[in-house]
Amino acid sequence: IFSIYWQIKHVRSNIHFSRIAVRNNHAITETLALYTAGLLFPFFEEAKEWKVSGKKWLAQEICYQIYEDGSYLQFSFNYHRVAVQLLTWAFSLSKLHGESFNSNVYERAYRSVRLLATCQDTISGELPNYGANDGSLFFNWNNEDYRNFSPSLDSLHYLLTGSNLYSASFEDRTWFGLNEKNIQRNFSSLQINEGTYSFPQGRLYVYRRNSLLVFITCVTYKDRPSQADNLHVDLWQNGKNLLRDAGSYQYNTDPALVNYFFGTESHNTVMVGEVDQMEKGSRFIWWDWTKAVTNGWEESSDLIIFEGSINAFQSLGNIQHTRIVEIDKVKFRINVSDSILGIPGKRIRQLWHVHPQLKSLSIKSDAERNTKSVYYSSTYGVKEAAEQIEFTTMDNKIVTEILI
């Protein structure tokens with residue numbers, strides 16, 4: 001008890017550092033810790049103030065950190081899941097004590113579930129390895145794989161709607177104490193259908209058809225970016241991540257590995273020579289944030305088309321990268337066209353990170369093809385050898401056909 005008291009007292013004394021200087025998942029965990037301690041330990045002298053302040057600040061952080069479309073300011077699905085689990089804890093605990101949060105907090109939580117479920121591969125339960133992935137899974141209350149988001153999404157969805165998000169439920173509900181008496185039923189059950197999806201604040205774009213999932217980023221950053229991965233394309237079919245994000249590996253490792261995993265090279269997008277889309281600063285800092293110029297879906301009789309443009313590579317001048325992704329509705333064929341304006345005479349590299357065990361994927365282009373030995377990190381701290389396919393040209397345009 002004494003240990004808990006002094007830890008929470010320390011959090012309360014330093015709470016404004018996380019709320020002002022950091023303002024990410026740390027602020028959510030710390031404000032929730034205050035609210036939790038205030039509820040569960042009412043005999044502490046400061047319990048009432050901890051509960052009231054923690055609850056107020058937690059609501060403020062949720063409405064600030066989760067954008068209106070449900071996307072998350074850390075540009076990381078892993079950290080978004082952290083927020084989902086903490087919200088499930090906060091809502092279940094408050095309900096048991098006869099309390100509630102304002103409607104905006106529940107709305108952001110519901111939209112978080114909608115976004116993550118939309119970006120999820122329905123067979124494996126996994127999501128693209130988008131953003132920092134450092135192993136944060138606070139409540140590991142099931143036997144599913146670490147990358148499977150279904151247990152976390154199922155619990156919060158059930159709490160908010162009273163219905164299953166998937167055909168099966170998960171034991172996380174029991175550990176969170178969720179039952180008919182302490183769920184909210186404020187929202188309708190989610191149905192993730194086939195077709196295109198756009199999340200305008202997070203600038204995430206998804207196309208779903210049968211077992212095919214195409215995920216694209218085209219971001220204008222208003223909060224600190226995690227990785228230099230703009231206009232990245234992730235491709236899934238039949239539960240396999242055919243074109244993938246190489247992951248994070250570790251924060252504290254060889255500088256070359258940090259630059260690779262967090263830089264542009266580990267993503268399915270374009271580099272100019274060895275230059276990242278943004279300039280790397282110290283630790284988690286990027287300078288010259290990329291900005292989306294235009295982006296969105298269009299549809300014709302036989303094609304689904306995404307087009308997005310970003311301003312990037314500011315260290316080289318006023319550069320614009322435009323990517324057009326054409327998805328054939330009938331055939332499993334995707335054409336990716338990249339054009340770079342503002343850098344004549346520079347070597348353009350279009351990068352692809354392919355699942356090594358899958359022979360059904362064909363990538364071809366008129367540009368020069370090269371292969372490179374790189375790494376893939378499915379979870380934090382894990383690194384395995386992988387192959388990178390890249391097409392290079394001295395022109396300003398590359399067109400690639402992907403056949404599944």
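**Helix α5 and selected residues**

Reply: This is a predicted model. In it, helix α5 is largely enclosed by the rest of the structure, because 17 of its 20 residues are buried.

Me: How far apart are the end C-alpha atoms of helix α5, residues 77–96?

Reply: Helix α5 has 20 residues, and at 1.5 Å a residue they should span 28 Å.

Me: Which residue caps the N-terminal end of α5?

Reply: The cap involves a side-chain oxygen that lies 3.4 Å from the backbone nitrogen of Asn78. A polar contact requires N or O atoms within 3.5 Å. The residue that supplies the oxygen is Ser76.

Me: Which residue with a positive phi follows α5?

Reply: Phi is near 70° in this residue. The residue that follows α5 with this value is Gly98.

Me: How many disulfides are there?

Reply: A disulfide is a covalent bond between the sulfur atoms of two cysteines. The cut-off for a pair of cysteine sulfur atoms is within 2.5 Å. By this rule the number of disulfides is zero.

Me: Which cysteine sulfur is nearest to that of Cys119?

Reply: By the same cut-off, there are zero disulfides. Cys119 is in no disulfide, and the nearest cysteine sulfur is 15 Å away. That sulfur belongs to Cys218.

Me: Is Cys119 buried or exposed?

Reply: Buried means under 20% relative accessible area. The relative accessibility of Cys119 is 0%, so Cys119 counts as buried.

Me: Where is Arg23?

Reply: Arg23 is not a glycine, yet its phi is positive, at about 45°. Arg23 counts as partly exposed, at 24% relative accessibility. Its place is in the loop between α2 (15–22) and α3 (25–40).

Me: Where is Asn238?

Reply: Asn238 is a residue other than glycine with a positive phi, near 55°. Its relative accessible area is 48%, so Asn238 is partly exposed. Asn238 lies in the loop between β4 (233–237) and β5 (240–243).

Me: What accessible area do Ile1, Ile4 and Phe43 have together?

Reply: Ile1 is in the segment before α1 (2–13), and Ile1 is exposed, with a relative accessible area of 56%. Ile1, Ile4 and Phe43 form a nonpolar patch on the surface, and their accessible area together is about 310 Å².

How values were computed: Residues numbered from 1 in each chain as written. Predicted model: local features only at pLDDT ≥ 70, side-chain atom pairs only at ≥ 80, totals over all residues. Heavy atoms only, no water. Patch = residues over 30% accessible without salt bridge, like charges linked within 9 Å, V, L, I, M, F, W, Y side chains within 5 Å. Areas by Shrake-Rupley, 256 points an atom, 1.4 Å probe, with all protein chains shown as cover. Salt bridge = Lys/Arg side-chain N within 4 Å of Asp/Glu carboxyl O. Helix = DSSP H or I, 4+ residues; strand = E, 2+ residues; numbered from the N terminus. Buried < 20%, exposed > 50% of the residue type's maximum accessible area, 1.4 Å probe, protein only. Expected span 1.5 Å × (residues − 1). Polar contact = N/O pair within 3.5 Å; in protein donor to acceptor, adjacent residues only side chain to side chain.
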